[in-house]
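This report goes through a few features of one protein chain. Please look over the sequence and the structure before reading on.

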Amino acid sequence: VDRLNKGECPSCGQKTKIFFDKNTNTTFKQEVISAQIIKNGGCSGVNDIEYKCKSCGLKEVYSQV
């Protein structure tokens with residue numbers, strides 16, 4: 001879960017890519033992991049979060065506070 005939260009896929013090892021454009025002094029990020037809350041925990045505070053890797057198609061769901 002820590003690797004997924006940091007933007008790294010535990011299956012294929014792809015990481016978030018960062019690009020810097022010198023002409024405009026702008027930094028761009030290309031995230032490889034997308035996270036989506038699929039079930040809100042309400043009073044318990046536990047959310048089910050679905051992680052997807054855009055590179056290899058990995059799909060995992062974890063419960064987090």
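Which residues are linked in a network of salt bridges? The model in which to look for them is a predicted one.

## Salt bridges

The network links E50, K52 and K59. The side chain of E50 meets that of K52 at 3.8 Å, N to O, and it meets that of K59 at 3.8 Å, N to O. E50 has 11% relative accessibility, and because buried means under 20%, E50 counts as buried. K52 is partly exposed at 35%, whereas K59 is exposed at 54%.

In the whole structure, 3 salt bridges are found. One of them joins R3 and E8, whose closest N and O atoms are 2.9 Å apart. R3 counts as partly exposed, with 39% relative accessibility.

In soluble globular proteins, nonpolar side chains tend to be buried together. Here the largest nonpolar core consists of 8 residues: L4, C9, V32, I33, I49, Y51, C53 and L58. Strand β4 gives the most to this core, namely 3 residues.

Leaving aside neighbours within four places in sequence, L4 is in contact with P10, I33, Y51, E60 and Y62.

## Strands

Strand β4 covers residues 47–53, and N47 lies in it. N47 counts as buried, at 16% relative accessibility. Apart from neighbours within four places in sequence, its contacts include I37, K39 and Y62.

Strands β1 (residues 17–21) and β2 (residues 26–30) run antiparallel and are joined by 5 bridges. D21 has T26 in β2 as its bridge partner. The two strands form a hairpin with 4 residues between them, and N25 in the turn has a positive phi of about 55°.

Conventions: Residues are numbered from 1 along each chain as its sequence is written. This is a predicted model: local features need pLDDT of at least 70, side-chain atom pairs count only at pLDDT 80 or more; totals for chains, interfaces and linings use all residues. Side-chain values use heavy atoms; hydrogens and water are left out. Buried means under 20% relative accessible area, exposed over 50%, partly exposed in between (1.4 Å probe, protein chains only). Contact means heavy atoms within 4.5 Å. A nonpolar core is a set of buried Ala, Val, Leu, Ile, Met, Phe, Trp, Tyr and Cys residues joined through side-chain atoms within 4.5 Å. Two strands pair if DSSP finds at least two bridges between them. A salt bridge is a side-chain nitrogen of Lys or Arg within 4 Å of a carboxyl oxygen of Asp or Glu.
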